[in-house]
Amino acid sequence: MIINSLSFFRSHWTVWSVLGVTYRQTKWMQPYIVYSLAVNLLVTVWYPLHLGLMLFKNASLTEDILNLTTFATCFACSLKFSIYAYNFDKVQRMEQLLRQLDLRVKSAAEKTIYSQLRTQLRNILFVFIGIYLPAGVFAELAFIFKDEPSLMYPAWFPFDCVNSTRNFYIAHVYQIVGIGYQLMQNYVNDCFPAVVLCLISAHIKMLYVRLEQVGVDDAEDAEYQLETCITDHKRLLELFQTIESFMSLPMLIQFAVTGLNVCISIAGLLFFVTEPVSIVYFFFYAMAMPLEIFPICYYSTDNELWFGNLHYSAFSCNWISQHRSFKKKLMLFVERSLKGSTALAGGMLRIHVNTFFSTLKFAYSLFTIIIRMRK
């Protein structure tokens, strides 16, 4: 079996190249930079802006709700993508660390853990496809089945797209292409950190197995085995800290937007939206927002759990018959492993399953405020 964790990033690199952030990896740097500037000005900057200029200026309350939820999501998506693009150099450092960790995977038990990764990462991919595909499809269907011709999303354009058929279709093509780019941005924004955290969990489990075997085979130097495991632990901690700094601020933004959008979507679904296709759209939209952050929260919690369990594997190795220097190094490793490793969003909120449920509670609290205001 070929051990290559970087193979799980192929789809992300493809999307990053389309979105214009891989200019350092291309041979045609100058044309690519021009393409990148054009795409990011037209989509990353202008797309949320053209939605925001129509906030609360629409003909109906349904359009106001659609406009608000879409603007909040697109603005957060563009902001998160800009932060990730600014910190893009960290991706290469994460890949270097993963290459070094891959070289340490040798035993059958470790390879079994690695093989299980494919199923887990495939499930992550299915989650994100299940999120984005229905939302995009029903947004377009809501446009098609409208009683009167109107844009897919209420928005402002610097030309008349109401009385001109040509301008109307130009605006619609821009919105459908733009939302496609926004969905790609969301894919790398949310899927890449989840994949890295999943890989870290797998490598911690493999390190756990490796530590248990230290000193078991008398033909091998137990102290050298322990030192290499300590080095692996340092690399895992650096990888975890790198992905934490990479996603910290974007996750804080995503927690806030998720709570707001879940609340608004459910309120619109229950009280304001009457068109059948729009009802289905808001249903999938309300389901998609929390699912967007769940894989990251789940695997961040899994990382915290497995980092906290490593000292058990240290005491499972054959340490009793080893030299004093071995035991000193083992004690230092155990002391370090007892220190918690928790990812924080913006240095404030734990990226954890508990925070995921707290976000849903926040959305529910906002929803109860809306109900009282209606009364």
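Read along the sequence, the chain follows the pattern α-α-α-α-α-α-α-α-α-β-β-α. That gives ten helices and two strands, where helices (H or I, at least four residues) and strands (E, at least two) are DSSP runs numbered from the N terminus. The model is a predicted one, in which local features need pLDDT of at least 70 and side-chain atom pairs count only at pLDDT 80 or more, while totals for chains, interfaces and linings use all residues. Residues are numbered from 1 along each chain as its sequence is written, and side-chain values use heavy atoms, with hydrogens and water left out.

Taken along the principal axes, the C-alpha atoms of the chain fill a box of roughly 85 × 55 × 30 Å. The chain has 375 residues, and 51% of them count as buried; buried means under 20% relative accessible area, exposed over 50%, and partly exposed in between, with a 1.4 Å probe and protein chains only. The accessible surface of the chain is about 18,400 Å², and carbon and sulfur atoms account for 65% of that surface. These areas come from the Shrake-Rupley method with a 1.4 Å probe, and for residues only the protein chains shown count as cover. Among contacts between residues at least 6 apart in sequence, 80% join residues at least 24 apart, a contact being heavy atoms within 4.5 Å.

The axes of helix H2 (residues 29-52) and helix H6 (residues 165-212) come within 10 Å and cross at roughly 105 degrees. Axes are lines fitted to C-alpha atoms, for helices over the stretch in contact, and the angles run from 0 to 180 degrees between N-to-C directions. H2 and H6 are therefore roughly perpendicular to each other, since angles of 65 to 115 degrees carry that label, while those under 35 count as roughly parallel, those over 145 as roughly antiparallel and the rest as oblique. On the H2 side the contact includes Tyr35, Val39, Trp46 and Tyr47; on the H6 side, Tyr174, Ile179 and Gln182 are among the residues involved. By class, the contact of H2 with H6 has ten nonpolar, seven polar and no charged residues. Here Ala, Val, Leu, Ile, Met, Phe, Trp, Tyr, Cys and Pro count as nonpolar, Asp, Glu, Lys and Arg as charged, and the others, Gly among them, as polar.

H6 also holds phenylalanine 168, which counts as buried because its relative accessibility is 10%. The C-alpha atoms of phenylalanine 168 and serine 150 are separated by 8.2 Å, and the two residues are 18 apart along the chain.

Phenylalanine 56 counts as exposed because its relative accessibility is 60%. Its phi is near 60 degrees, a positive value in a residue other than glycine. Most residues other than glycine have a negative phi.

Aromatic rings are a further theme. The structure holds 23 aromatic pairs, counted where rings of Phe, Tyr and Trp (its six-membered ring) have centres within 6.5 Å; planes under 30 degrees apart count as stacked, over 60 as edge-to-face and the rest as tilted. The rings of phenylalanine 240 and phenylalanine 307 have centres 5.5 Å apart and planes at 70 degrees, so this pair is edge-to-face. The pair links distant parts of the chain, with phenylalanine 240 in helix H7 (residues 222-272) and phenylalanine 307 in helix H8 (residues 276-316), 67 residues apart. Phenylalanine 240 is buried at 3% relative accessibility, and phenylalanine 307 is buried at 3%. Elsewhere, ring pairs link Phe9, Trp13, Trp16, Tyr84, Phe88, Phe192 and Phe246 into a cluster.

Phenylalanine 240 also touches asparagine 303, a residue of helix H8. Asparagine 303 counts as buried because its relative accessibility is 0%.

Helix H5 (residues 108-144) contains threonine 112, which is partly exposed, with a relative accessible area of 42%. Threonine 112 and proline 193 are 81 residues apart in sequence and 23 Å apart in space, C-alpha to C-alpha. Valine 127 also has its place in H5 and counts as partly exposed at 31% relative accessibility. Not counting residues up to four places away in sequence, valine 127 touches Leu291 and Pro295. Valine 127 and tyrosine 208 are 81 residues apart in sequence, with 28 Å between their C-alpha atoms.
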